[in-house]
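Hi there,

Here is the structure I promised to pass on.

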Amino acid sequence: MINYCGDLRDGNVAEPQNYWVNTSSNDIVRKFIGRAGSTARNEMELLIDGGSIRKIIRQELTYRDLDSDVDNLWSILFTTGYLTQRGQQQGDMTELVIPNREIRWIFVQQIRRWFQEETKKDS
């Protein structure tokens, strides 16, 4: 927000930009995408299209446990803000959605591309 206000004051932009998109490494997400199968890709496409998925979220994950299960991808995406909860949790399942346009853009531009790269490797 501060970057946008500064740019707006300086006359550099008229609309907010994706200021934080490359401010950190997404290596762990990319690593999981490399291990994920076609089901995860289909679920990503569903999310990009505005849909939701239901997953078990493990918020107590430690660095040591991250690699233990490819399904931890959803917990990582949730705890890092790439996905958000919709509605109330029902039992162990959490309904997940992409929270906003900025994150949807990241999914379309980066995550989809990573899946395409992995698919090419498998071919």
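Before anything else, please keep in mind that this is a predicted model.

I'll go through the salt bridges one by one, beginning with a pair whose accessibilities I looked up. Asp-10 is partly exposed, at 46% relative accessible area. Its partner is Arg-9: the two form a salt bridge in which the closest N and O atoms are 3.3 Å apart. Arg-9 itself is exposed, with a relative accessible area of 66%.

Now the overall picture. The protein has five helices and three strands, and along the sequence they come in the order α-α-α-β-α-β-β-α. Of its 123 residues, 34% are buried. The accessible surface is about 8,000 Å², and carbon and sulfur atoms supply 47% of that. As for contacts, if you take those with a separation of 6 or more, 62% are between residues 24 or more positions apart.

Back to the charges. How many salt bridges does the structure hold? The count is four, and the Asp-10 and Arg-9 pair is one of them. As background, oppositely charged side chains can pair when their charged atoms come close.

Another salt bridge joins the side chains of Glu-60 and Arg-58, with 3.3 Å from N to O. Glu-60 is exposed, at 53% relative accessible area, which puts it just past the 50% cut-off for that label. Arg-58 has 29% relative accessibility and counts as partly exposed.

There is also one between the side chains of Glu-95 and Arg-86, where the N to O distance is 3.2 Å. Arg-86 is partly exposed, with a relative accessibility of 38%.

The residue I'd open in your viewer next is Glu-43. It sits in helix H3, which covers residues 38-48. Is Glu-43 buried or exposed? Its relative accessible area is 16%, and because the cut-off for buried is under 20%, Glu-43 counts as buried. Its side chain makes a polar contact with the side chain of Lys-55, at 2.8 Å. Leaving aside residues up to four places away in sequence, Glu-43 touches Ile-53, Lys-55 and Trp-74.

Cheers

Note on methods
Residues are numbered from 1 along each chain as its sequence is written. This is a predicted model: local features need pLDDT of at least 70, side-chain atom pairs count only at pLDDT 80 or more; totals for chains, interfaces and linings use all residues. Side-chain values use heavy atoms; hydrogens and water are left out. Helices (H or I, at least four residues) and strands (E, at least two) are DSSP runs, numbered from the N terminus. Buried means under 20% relative accessible area, exposed over 50%, partly exposed in between (1.4 Å probe, protein chains only). Contact means heavy atoms within 4.5 Å. Accessible areas come from the Shrake-Rupley method with a 1.4 Å probe; for residues, only the protein chains shown count as cover. A polar contact is a pair of N or O atoms within 3.5 Å; within protein, one must be able to donate a hydrogen and the other to accept it, and residues adjacent in sequence count only if both atoms are side-chain atoms.
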